[in-house]
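Subject: Structure handover

Hi,

Here is the structure I promised to pass on. My notes follow below it.

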Amino acid sequence: MSATKANYLDEVKNILTDVGIESTSITEDSNLARDLGLDSLDLTDLMMRLEVKFGIQVNDLDAQQLATVEDVVNYLDKNLG
């Protein structure tokens, strides 16, 4: 994993812990809904926090494709890298 991707992973983990997810349960393979228990409102909140943190716009179609922590990291890497 590149240094940039590792930074994105750390930031995603920080955001998830800020919303109450136990940090030890967050891995790259964690499914946002199934493993971490995020519902649609939580996922919307996550996207909004990512937008503010990174100064990006995550469109709804892209957001629907982000199922795992790794998907989010890869999305950030692709759109910010």
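The largest pocket is lined by Ser40, Leu43, Thr44, Met47, Met48, Glu51, Val58, Asp60, Ala63, Gln64 and Leu66. Two elements, helix H2 (40–54) and helix H3 (60–65), each give two or more residues to that lining. H2 gives the most, with six residues. By class, the lining of the largest pocket has six nonpolar, three polar and two charged residues. The volume of the largest pocket is about 190 Å³. Please keep in mind that this is a predicted model.

Next, the helix pair. Two packed helices are described by the angle between their axes and the distance between the axes. Here the pair is helix H1 (residues 3–18) and helix H4 (residues 69–80). Their axes come within 9 Å and cross at roughly 125°. H1 is therefore oblique to H4, since an angle counts as roughly perpendicular from 65 to 115 degrees and as roughly antiparallel over 145. The crossing of H1 past H4 is right-handed.

Last, the annotation. UniProt lists residues 3–80 as "domain: Carrier", and the entry is unreviewed. In the model, the span of residues 3–80 is 63% helix and 0% strand.

Best wishes

Note on methods
Residues numbered from 1 in each chain as written. Predicted model: local features only at pLDDT ≥ 70, side-chain atom pairs only at ≥ 80, totals over all residues. Heavy atoms only, no water. 1 Å grid on protein atoms, 1.4 Å probe; cavity = no way out; pocket = protein on both sides within 12 Å on 5 of 7 lines; lining within 4 Å. Points joined across faces, edges and corners; volume = space filled by probe spheres on them. Helix = DSSP H or I, 4+ residues; strand = E, 2+ residues; numbered from the N terminus. Nonpolar A, V, L, I, M, F, W, Y, C, P; charged D, E, K, R; others polar. UniProt positions renumbered as here; feature names shortened; annotations may be inferred. Axes fitted to C-alpha atoms, helices over the stretch in contact; angles between N-to-C directions. Parallel < 35°, antiparallel > 145°, perpendicular 65-115°, else oblique. Left-handed = near helix turned anticlockwise from the far one by under 90°.
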